Structure formats: structure tokens, C-alpha cells
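Hi,

Here is the structure I promised to pass on.

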Amino acid sequence: MEYETIREKIMNLLLENKGRFYSVEEIIRVLGLEIMPREVYVHLEHIAKTIRRRSAGRLVLVMKPPMCLKCGYVFKDLKKPRKPSRCPRCHSQWISDPEFAVIEK
Ligand SMILES: [Zn+2]
């Protein structure tokens, strides 16, 4: 069996299930990974670049942005994929997880 890095495992999961959105917690659970969510976010940043390059822009990793579940504020302008801890509008900490999927352009 070929050795796959964690990054490849995450990328293959997303590539094999195009159009399906996964939260970071879900990725960890489905793949049985023993790593922290913040490490998965770092992998996802690199995976986004790799997928775009390898597919010549045909496939992209998209993020459904996190949202405040109290007031509905959507975190549209995140520079990096992450889960914010607090809503800037109402200060609630009840925030949905961002979700990621590979889609065809
Ligand atoms: Zn809010």
C-alpha cells in the first residue's frame, strides 16, 4: 500500500467526493486523524493551491463561510480558512463551522 501523507488523505477525500461539503471536525472524524483542527486548516490552505494548480483551474476548493448562529452575521472576508471565536456584531460565540468542498468551475 502506498504511503499517503495526511495532506494527501484530506485532498483525496475532497477530490473523491466533489461537491460534498465537509467541516474540519468531519474531516478529522471521517479519516480518523489524530490532529488538531487548526492543523487541518493549514493543510486546506495548501490543498487549495495544489488542486487549482494540478487541475489548471478547473477544480477549486471553496469554503462555505462560518456564520453567527445568533444574529446571522456571515464571515465573508476571512483571509484564511478558520473558525472565528466571536461574532464582531453581537459578540456571540455560537458560530457555525466553515465547510469545504472541491467543485468544478
Ligand atoms: Zn452575531
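Leu59 has Glu104 in S3 as its bridge partner. That pair belongs to the antiparallel pairing of S2 and S3, which runs over six bridges; Lys64 stands opposite Glu99 in S3. Strands here are DSSP E runs of at least two residues and helices are H or I runs of at least four, numbered from the N terminus. Two strands count as paired if DSSP finds at least two bridges between them.

Before going on, the housekeeping. Residues are numbered from 1 along each chain as its sequence is written. The model is predicted, with local features needing pLDDT of at least 70 and side-chain atom pairs counting only at pLDDT 80 or more, while totals for chains, interfaces and linings use all residues.

Back to the sheet: it is open, with three strands in the order S1-S3-S2 and antiparallel pairing. Strand S1 (22-23) and S2 are the edge strands, each pairing on one side only. S1 is joined to S3 by two bridges, again antiparallel, and Tyr22 stands opposite Phe100 in S3.

Helix H1 (residues 6-16) lies across S1, S2 and S3 and runs at about 55° to S3. That angle is between N-to-C directions, on a scale from 0 to 180 degrees, with axes as lines fitted to C-alpha atoms (for helices, over the stretch in contact).

Next, the largest nonpolar core, which has 12 residues, among them Ile10, Met11, Tyr22, Leu61 and Phe100. H1, helix H2 (24-31), helix H3 (37-54) and S3 each supply at least two residues of this core. A core here is a set of buried Ala, Val, Leu, Ile, Met, Phe, Trp, Tyr and Cys residues joined through C-beta atoms within 7 Å. Met11 also touches Ile47, Thr50 and Ile51, leaving out residues up to four places away in sequence; contact means C-beta atoms, placed from the backbone, within 7 Å.

One more spot to look at is Cys87, in the loop between strand S2 (59-64) and strand S3 (99-104). Why does Cys87 count as buried? Because 20 other C-beta atoms lie within 10 Å, and the cut-off for buried is 20 or more (exposed is 12 or fewer, partly exposed in between, C-beta atoms placed from the backbone). Beyond its neighbours within four places in sequence, Cys87 is in contact with Cys68, Lys70, Cys71, Tyr73, Ser92 and Ile95.

Cheers

Technical notes
Two residues are in contact if their C-beta atoms, placed from the backbone, lie within 7 Å.
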